Amino acid sequence: YPLEVYGMAEWLKFQTVDPESFHRMNGRLFTNHAFDYESAVTKQFITEFRALYSSEPVAFTPLFQPDVAGSAYNRYGALGYDLSSFFVGALVGYGKSFETCLSRMESSNLIQSEFNFNRISNWGGFYNSGLFELQFNKDLTTKRVVVK
């Protein structure tokens with residue numbers, strides 16, 4: 001039978017899940033953070049990050065890797081890059097009242113995030129509806145798709 005398994009990003013931290021099995025079942029996960037390894041911007045970021053920090057950057061939600069203190073992986077470098085790029089760009093482009101323009105901001109040059117901010121109410125804050133679907137294919141490739 002054709003089978004597809006849908007799950008949550010937390011599954012990526014499970015040590016009992018065999019990644020190859022997840023590919024065989026056409027696994028699909030939803031996450032707020034994932035690298036697009038085909039992107040030229042991501043490739044450049046990874047190369048420069050390795051050279052500067054002698055560490056491997058991984059997406060905030062790593063693929064089938066446990067959270068281990070002191071590992072050679074850095075989970076926050078890409079997130080810091082994305083947050084700085086987006087919000088400093090908003091500040092430069094729109095000034096101190098950039099929050100009025102967040103819904104018009106592009107997040108196309110980010111490494112692992114999709115920012116799509118919407119105001120909760122006239123008196124409330126914002127929420128980010130940016131989301132990716134990670135598609136684990138039978139040929140052992142993984143594709144990141146922006147959920148619209």
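Tyr6, Phe30 and Val147 together make a nonpolar surface patch of about 250 Å². A patch here is built from residues with over 30% relative accessible area and no salt bridge, with nonpolar side chains (Val, Leu, Ile, Met, Phe, Trp, Tyr) joined within 5 Å and like charges within 9 Å. Accessible areas come from the Shrake-Rupley method with a 1.4 Å probe, and for residues only the protein chains shown count as cover. Of the three residues, valine 147 belongs to the segment after strand S8 (142-146). Its relative accessible area is 32%, so valine 147 is partly exposed; the term covers values between buried, under 20%, and exposed, over 50%, with a 1.4 Å probe and protein chains only.

Before I continue, please note that this is a predicted model, in which local features need pLDDT of at least 70 and side-chain atom pairs count only at pLDDT 80 or more, while totals for chains, interfaces and linings use all residues. Residues are numbered from 1 along each chain as its sequence is written, and side-chain values use heavy atoms, with hydrogens and water left out.

Let me turn to the overall composition. The protein has three helices and eight strands, where helices (H or I, at least four residues) and strands (E, at least two) are DSSP runs numbered from the N terminus. Read from the N terminus, the elements follow the order β-α-β-α-β-β-α-β-β-β-β. Of the 148 residues, 34% are buried. The accessible surface of the protein is about 9400 Å², and 56% of it belongs to carbon and sulfur atoms. Among contacts (heavy atoms within 4.5 Å) between residues at least 6 apart in sequence, 49% join residues at least 24 apart.

Next, the sheet that contains S8. Strands of a sheet pair through backbone hydrogen bonds, either parallel or antiparallel. Here four strands form an open sheet in the order S1-S2-S7-S8, with mixed pairing; two strands count as paired if DSSP finds at least two bridges between them. S1 (6-8) and S8 are at the edges with a single partner strand each, so one side of each has no neighbour in the sheet. On average, and with direction ignored, neighbouring strands of this sheet are turned by 25° against each other; the axes are lines fitted to C-alpha atoms, for helices over the stretch in contact, and angles run from 0 to 180 degrees between N-to-C directions.

How is strand S7 covered? S7 is mostly covered, with five of its five residues buried. Phe132, Leu134 and Phe136 point one way from the strand, Glu133 and Gln135 point the other way, and all are buried.

On one flank, S7 pairs with S2 in the antiparallel sense over four bridges. Leucine 29 stands opposite leucine 134 in S7, and phenylalanine 30, a member of the nonpolar patch, has glutamate 133 as its bridge partner.

S7 also runs antiparallel to S8, joined to it by five bridges. These two strands form a hairpin with five residues between them, and leucine 140 in the turn has a positive phi of about 70°. Which residues does glutamine 135 contact, leaving aside its neighbours within four places in sequence? They are Gly27, Arg28, Thr141, Thr142, Lys143 and Val145. Glutamine 135 has 16% relative accessibility and therefore counts as buried.

The C-alpha atoms of lysine 143 and glutamate 38 are separated by 9.2 Å, although the two residues are 105 residues apart along the chain. Glutamate 38 sits in the loop between S2 and helix H2 (40-53), and at 67% relative accessibility it counts as exposed.

I close with the charged pairs. Side chains of opposite charge can pair when their charged atoms come close. The structure holds two salt bridges, each defined by a side-chain nitrogen of Lys or Arg within 4 Å of a carboxyl oxygen of Asp or Glu. One joins arginine 28 to glutamate 133 at 3.6 Å, N to O. This pair links distant parts of the chain, with arginine 28 in strand S2 (residues 28-31) and glutamate 133 in strand S7 (residues 132-136), 105 residues apart. Arginine 28 is buried at 10% relative accessibility, and glutamate 133 is buried with a relative accessible area of 14%.

The other joins arginine 50 to glutamate 56 at 2.7 Å, N to O. Arginine 50 is partly exposed, at 41%, and glutamate 56 is partly exposed, at 26%.
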